[in-house]
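This briefing goes with the sequence and the 3D structure shown below. Please look them over before reading the notes.

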Amino acid sequence: MVGSLKSSFARRIAGLIAASSFVVLAGLAQAPAAQATGNDISLYLSPPLVQGSDVTGAGMLLESFDSFSVGACPTTVATGSLTTNIPTACSINPVGDVSGASTTSATPTFGGSGSNSPGTGWYNPGEPARSVTFGFTNPVKYVGFWWSGGSPGNVVEFLNGGVVVATYDSTQMDTFLGANAPSSWPSGNGAVTSTDSTSYPKGYYFGNPRGFTANPPTAVSSISGGSRDAQYVFFNLYMPGSMTVDAVRFSGPGFEWDNLVTSTVAQTPPGSFVLGDSITVSNVVTFNANAADATGSTGPQASATAANLAANGFSRAGYTFTGWNTDQNGNGTAYTNEQSYDFSADLTLWAQWTQDAPTTHTVTFEPNGGTGAATTQVRSGTVALDPNTFTRDGYVFAGWNTQQDGQGTPYADGADFDFSSDQSLWAQWDVNPVPPPTPIDPSIISLVNTGLSVLGPFGVTGVLAAIGLPFFFVSDRFRRLRSYGGVVLHKSENLTVTTPATFFDRLRRKK
Ligand SMILES: [Ca+2]
């Protein structure tokens with residue numbers, strides 16, 4: 001907005017120079033006051049006493065507000081939506097000195113009864129600013145409206161995507177036409193000149209045409225009431241090149257207008273129109289978070305002059321913002337946060353991120369009665385726990401627990417673990433259980449004690465043949481054998497293997 005204000009100021013200066021030239025050249029054919037550039041909105045004044053747009057045909061919409069009753073503004077009008085910044089900001093006004101046009105015609109018209117029209121109402125400095133925004137169903141190339149008595153502080157803003165891209169202030173109109181009716185009627189303040197070199201005394205734009213009795217008006221004194229010193233002008237705004245606007249906002253105290261006309265089709269001002277101003281169009285920088293998981297926002301930024309980029313408002317867990325780039329992948333032009341930009345063109349900037357070094361945490365494996373000292377695993381994120389390395393005589397490992405007594409959260413050996421904080425995991429031990437005798441499968445051969453020999457190497461899968469003298473298994477390996485093989489052994493009995501079994505230990509003859 002700073003840029004727009006500066007731009008506005010610059011335009012006022014330009015307008016002052018232009019207005020001065022009119023004083024000198026009043027009545028003479030002269031060039032238009034301001035030459036539109038390719039990037040400016042051209043503002044043309046219709047001839048004096050014209051209250052409607054000359055635009056017709058496909059793409060044209062007119063809202064005269066005459067179908068609405070006096071009172072609160074509607075939310076839908078012929079041109080699209082109507083929104084207000086506070087509920088009472090907009091009202092449909094009855095016929096009055098400063099209110100609606102008598103006609104929607106583009107022909108100079110005097111007299112008439114007037115009509116309903118919207119306005120912001122009056123309010124005092126310090127009160128919330130009121131505004132009325134017309135959103136257009138389709139982006140438009142042309143906007144026209146009857147300005148029913150310009151008042152100080154009236155501002156027209158042109159928006160695209162919610163961003164103000166151009167602003168016109170009533171001060172600029174004052175500069176062009178004069179703030180008050182000329183004391184010397186009608187050309188005391190000079191004249192303005194149309195494109196086809198018709199000269200219009202500025203006085204003709206003062207006073208509501210309803211109050212005139214002739215065209216051209218013979219005297220401003222014929223205008224009743226307070227409308228005498230306000231400009232009544234039909235404004236025609238032509239968007240340059242491919243530019244469109246999707247909304248227009250009217251704000252400021254005592255802002256009344258009528259006959260809002262839009263066109264989605266590019267229009268050409270007729271020769272009878274007066275180029276009143278060239279409204280600088282801001283360029284817009286759009287900021288993209290460039291990450292689906294980013295939070296916060298950085299709204300689009302419009303400016304017509306160099307300005308620092310808006311501060312980054314995005315954030316992203318686990319990442320650090322490193323600046324902007326014109327390329328999504330960072331291969332274009334880089335901009336630092338709040339770097340100056342000349343706003344010579346629209347720009348889309350993509351946030352660039354670097355992933356933060358992961359924060360690691362430590363899991364401490366406590367043997368909890370098992371062999372060996374505690375071990376640790378340092379990782380980040382969710383990864384599998386290191387396999388258990390502890391053993392305990394007479395026990396089997398039964399997983400981990402966040403509490404020594406097993407009353408906390410259990411984790412299986414090698415289970416996935418969220419290393420989001422330091423944690424001790426305590427080995428849990430079960431007393432080695434004695435499995436019940438395994439039913440004999442008749443398909444498994446029975447081995448008879450015919451000798452002290454074992455067929456095949458230990459540790460392989462196969463059938464054990466232990467033949468001859470009584471034998472037994474040694475130490476805890478006995479249990480292991482049984483647990484693995486499902487073997488039931490009794491001294492001096494046949495040895496029965498219920499399934500192909502892996503044997504890890506020796507058979508030893510009993511002394
Ligand atoms: Ca009206």
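The model is predicted, and the protein in it has 3 helices and 39 strands. Its average pLDDT is 80. Of the 511 residues, 35% are buried.

**Overall make-up**

- Strands number 39 in this protein, and helices number 3.
- Among contacts with a separation of 6 or more, 70% are between residues 24 or more positions apart.
- Buried residues account for 35% of the protein.

**Helix H2**

- Helix H2 spans residues 170–177, and Gln172 is found in it.
- The buried residues in H2 are Ser170, Gln172, Met173, Thr175, Phe176 and Leu177.
- Because 6 of its 8 residues are buried, H2 is largely enclosed by the rest of the structure.
- Is Gln172 buried or exposed? Gln172 has 23 other C-beta atoms within 10 Å, and a residue is counted as buried at 20 or more, so Gln172 is buried.
- Gln172 lies 9.1 Å from Gly276, C-alpha to C-alpha, although 104 residues separate the two in sequence.

**The five-stranded sheet**

- Five strands form an open sheet with mixed pairing, in the order E28-E27-E33-E30-E31.
- Which strands stand at the edges of this sheet? They are E28 (375–379) and E31 (410–411).
- Each of these two edge strands has a single partner strand, so one side of each is left without a neighbour in the sheet.
- The pairing of E28 with E27 (residues 361–366) is antiparallel and runs over 5 bridges.
- Within the sheet, Val363 stands opposite Gln377, a residue of E28.

**Confidence**

- A pLDDT of at least 70 is reached by 76% of the residues, and the protein averages 80.
- In residues 1–37 the pLDDT is below 50, and this stretch has 60 contacts in the model beyond near neighbours in sequence.
- Residues 440–511 likewise have a pLDDT below 50.

Technical notes: Residues are numbered from 1 along each chain as its sequence is written. This is a predicted model: local features need pLDDT of at least 70, side-chain atom pairs count only at pLDDT 80 or more; totals for chains, interfaces and linings use all residues. Helices (H or I, at least four residues) and strands (E, at least two) are DSSP runs, numbered from the N terminus. A residue is buried if 20 or more other C-beta atoms lie within 10 Å of its own, exposed if 12 or fewer, and partly exposed in between; C-beta atoms are placed from the backbone. Two residues are in contact if their C-beta atoms, placed from the backbone, lie within 7 Å. Two strands pair if DSSP finds at least two bridges between them. pLDDT is the predictor's confidence in each residue, from 0 to 100.
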